[in-house]
Amino acid sequence: MAFNHKNLIDITEYSADDIMQILETATTFQEVNERKIKKVPLLKGITVVNMFNEPSTRTKSSFELAESRLSCDKLSAGGKSSATVKGESLLDTMETLNSYKIDMVVIRDKMAGAPYIVSQHTSAGVIDAGDGKHNHPTQALLDLFTIWQRKGTLDGLKVGIVGDIGHSRVVGSLAPALKIMGATVYGIAPQTLLPARPDLLGFDAVSSHIDEVLPELDVVYMLRIQMERLDGAPFPSLREYNKLYGLTEERDRLLKPDTIVCHPGPINRGVELDDYMADHPERSVILDQVYAGICVRMAVLYLLLGGNNELNS
Ligand code: NCD
């Protein structure tokens, strides 16, 4: 099936069929990642620029691995070692990189909307790897992949997204993506960590009472408190937050036996999750999410850059 997108910036531009095509393609790449030799020549000759202007461990490393395993040529731009430190603007940097005839830009930036602006100034495709507190679409897709693999479906699942909804870019893509796939999505947060219009994220319901909602859920998705973006928002102490909203061993009894626990990482242990939940052998799928990051980012790069014509031939 043809894949008719050039960019991955706004997940709401993708249909349920588009998303399912990504998840199914990621399953094929999962098989590649289980081989001894994990490299395929599918994107040989394609050049990808990784422009990370904000800290990243999982997203950056999994994009780099995904690109290597697809045999892309890749180069790093942005961050502290680039000319942005000397005052070069994002657009001048883009003009420079365009001269190399690049095919794809993977960009993380503290400015919401930066991937869209870049897409207006390059003929290459653009993938948003996280922009400010706005969007993080590949994180949403790897979360969907992990949940889909574990639960066998997304349609009809009850998913609770808990924590710093007001400052998280993860929720900006995840909540709409879950809705596109037919899940029921609950936002759970103290009032002070909610955006002014949580309804715009597509939640079916919003609650500040975690203990009332937990027994309903098939998936509990815990968000990190975005300390770097709180901007003076009233916030209890970390210990109080953990008591009121943390997913702790004590709250385990409120969950159904097969409820799973997700977190995008990095985890603030002892704040949104205690060790018992973060490392729970049956419930926690956090390391599955990390692994899904490679398979899903391979699928996204492959579909955006090449279509899936040769994959199964
Ligand atoms: C997320 C991010 O950077 O937004 N991390 C990630 O990409 N795995 C979530 C976070 O930092 O809380």
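**Entry 1: the cysteines**

I started with C72, which is buried at a relative accessible area of 10%; buried here means under 20% relative accessible area, exposed over 50% and partly exposed in between, with a 1.4 Å probe and protein chains only. Before going on, I noted that this is a predicted model, where local features need pLDDT of at least 70 and side-chain atom pairs count only at pLDDT 80 or more, while totals for chains, interfaces and linings use all residues. I also noted that residues are numbered from 1 along each chain as its sequence is written, and that side-chain values use heavy atoms, with hydrogens and water left out.

How many disulfides does the structure hold? I found zero disulfides, taking a disulfide as a pair of cysteine sulfur atoms within 2.5 Å.

**Entry 2: α2 against α10**

Next I looked up helix α2 (residues 58-69) and helix α10 (residues 286-306), which pack at an angle of about 50° with their axes 8 Å apart. That angle makes α2 oblique to α10. My cut-offs: under 35 degrees is roughly parallel, over 145 roughly antiparallel, 65 to 115 roughly perpendicular, and the rest oblique. Axes are lines fitted to C-alpha atoms, for helices over the stretch in contact, and angles run from 0 to 180 degrees between N-to-C directions. Helices (H or I, at least four residues) and strands (E, at least two) are DSSP runs, numbered from the N terminus.

From α2 I listed R58, T59, S62, F63, L65, A66, E67 and R69 in the contact, and from α10 V290, G293, I294, R297, M298 and L301. Contact means heavy atoms within 4.5 Å. By class, the residues of this contact are seven nonpolar, three polar and four charged. Ala, Val, Leu, Ile, Met, Phe, Trp, Tyr, Cys and Pro count as nonpolar, Asp, Glu, Lys and Arg as charged, and the others, Gly among them, as polar.

I then picked out S62 of helix α2. Is S62 buried or exposed? S62 is buried, at 5% relative accessible area. Leaving aside neighbours within four places in sequence, S62 is in contact with G293, I294 and R297.

I turned to α5 and helix α6 (residues 169-180), whose axes are 8 Å apart at an angle of about 45°. The two are therefore oblique to each other, and α5 passes α6 in a right-handed crossing. P137, Q139, A140, D143 and L144 of α5 meet V170, S173, L174, A177 and L178 of α6. I sorted the residues of this contact into seven nonpolar, two polar and one charged.

W148 sits in helix α5 (residues 137-151) and counts as buried at 17% relative accessibility. What does W148 touch, not counting residues up to four places away in sequence? I found M20, L23, E24, T27, T153 and L154. W148 and L23 are 125 residues apart in sequence, yet 8.5 Å apart in space, C-alpha to C-alpha.

**Entry 3: Y14**

Last, I checked Y14, in the segment before α1 (16-33). Y14 is buried, with a relative accessible area of 4%. Beyond neighbours within four places in sequence, Y14 is in contact with F3, H5, N7, L8, I19, I22, I180 and L304.

Conventions: A crossing is left-handed if the near helix is turned anticlockwise from the far one by less than a right angle, and right-handed if clockwise.
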